[in-house]
Amino acid sequence: MEGEKSMKSRTGMITVLSGFSGAGKGTIMKHLLNAYPDMYHLSISATTRAMRLGEEEGREYFFKTPEEFEKMVKNGEFLEHATFNGNSYGTPKSYVQQLVDEGKDVILEIEVQGALQVKKQFPDSLLLFVTPPSASVLQERLVGRGTEDDEAIRQRLAISAKESHLMPQYDYLIINDVLDDAVAEVHHIIQSEHYAIQRNNDTILDMQTQLAQFASAGEKKGDAQ
Ligand code: 5GP
């Protein structure tokens, strides 16, 4: 029940979703956005990597030349940026800031270095890490895709090995075994976080102020009698 006098005003939250290449974070995101289109907003990154078959400018990424990307860096247009597998990736600042100011939940699907930069700038952001149930399942998934040769797969696993050392800096671990379960877990974690005490300081302060006013009004009434 949200009464007229409710003090509840939801603040927007930044959630960062990272995970090993092949962990299925893109698929989780797609399902999450399909299931809850009004609840979550996905930040679209800029990248210097080549557009893949089936991708569209402005849908998966804003595709940039290295010069364009560098200019954006210089102009301070990124919330964070990082190099992954030889390409540059960055989160445009203005869109994320606008969503947060509007009280909306925004999700950044980015790699680990960028995720930690976001946490530094926004300590309230929520960091989720997606992994398959085991390293061998990860390897099987990469091989199963059939899109890369052995050397490329070895390279991806080497990146994952490095990334795994940063997992302890995340807030929650999502084990993507059954896709629908992983999607539900991400949704529930984000929703639960909104109820965390430290995210509701304004509401608590309002409650304290109002109660103090009621209490002192009651005291005065008592004095007058
Ligand atoms: P892909 O080229 O496969 O789309 O993405 C490669 C990696 O870059 C993935 O781990 C993806 O999450 C990450 N990534 C995508 N956009 C950004 C971004 O804006 N910043 C950072 N730091 N990483 C990103």
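The legends below describe close-up views of one predicted model. Local features are given where pLDDT is at least 70 and side-chain atom pairs where pLDDT is 80 or more, while totals for chains, interfaces and linings use all residues. Residues are numbered from 1 along each chain as its sequence is written, and side-chain values use heavy atoms, with hydrogens and water left out.

**View 1**
Strand β8 spans residues 126–131, and six of its six residues are buried, where buried means under 20% relative accessible area, exposed over 50%, and partly exposed in between (1.4 Å probe, protein chains only). Strands and helices are DSSP runs numbered from the N terminus, a strand (E) having at least two residues and a helix (H or I) at least four. The side chains of Leu126, Leu128 and Val130 point one way from β8, whereas Leu127, Phe129 and Thr131 point the other way, and all are buried. Strand β1 (residues 14–19) pairs with β8 in the parallel sense over five bridges; two strands are said to pair if DSSP finds at least two bridges between them. Within the pairing of these strands, Leu17 stands opposite Leu128 in β8. Strand β9 (residues 172–175) also runs parallel to β8, to which it is joined by four bridges, and here Ile174 in β9 is the bridge partner of Val130.

**View 2**
Strands β5 and β6 form a hairpin with two residues between them, and they pair in the antiparallel sense over six bridges. The loop that holds Asn85 lies between β5 (78–84) and β6 (87–92). Asn85 has a positive phi of about 55° although it is not a glycine, and with a relative accessible area of 40% this residue counts as partly exposed. Strand β3 (residues 45–47) runs antiparallel to β6 and is joined to it by two bridges. Gly90 in β6 has Ala46 standing opposite, and His81 likewise stands opposite Gly90.

Eight salt bridges are found in a search of the whole structure, a salt bridge being a side-chain nitrogen of Lys or Arg within 4 Å of a carboxyl oxygen of Asp or Glu. The side chains of Lys104 and Glu102 meet in one of them, at 2.9 Å from N to O. Lys104 counts as partly exposed because its relative accessibility is 32%, and Glu102 is partly exposed as well, with a relative accessible area of 43%. Salt bridges that share partners join Glu56, Arg59 and Glu60 into one network. In the salt bridge between Arg59 and Glu56, the closest N and O atoms are 3.4 Å apart. Arg59 is partly exposed at 41% relative accessibility, and Glu56 is partly exposed at 44%.

**View 1. A salt bridge between buried residues.**
Glu193 forms a salt bridge with Arg199, and the closest N and O atoms of this pair are 3.0 Å apart. Both Glu193 and Arg199 are buried.

Asp177, Asp180, Asp181 and Glu185 form a negative surface patch. Patches are made of residues with over 30% relative accessible area and no salt bridge, like charges being joined within 9 Å and nonpolar side chains (Val, Leu, Ile, Met, Phe, Trp, Tyr) within 5 Å. Asp and Glu count as negative and Lys and Arg as positive, whereas His and the chain ends are not counted; the place of a charge is taken as NZ of Lys, CZ of Arg, CG of Asp or CD of Glu. Asp180 is placed in helix α7 (residues 179–193), and this residue is exposed, with a relative accessible area of 55%.

Met207, Leu211 and Phe214 form a nonpolar patch on the surface, and together they have about 340 Å² of accessible area, as given by the Shrake-Rupley method with a 1.4 Å probe, where for residues only the protein chains shown count as cover. Leu211 has its place in helix α8 (residues 201–224). Asp150 lies in helix α6 (residues 150–163) and is exposed, with a relative accessible area of 66%. From C-alpha to C-alpha, Asp150 and Phe214 are 70 Å apart in space, and they are 64 residues apart in sequence.
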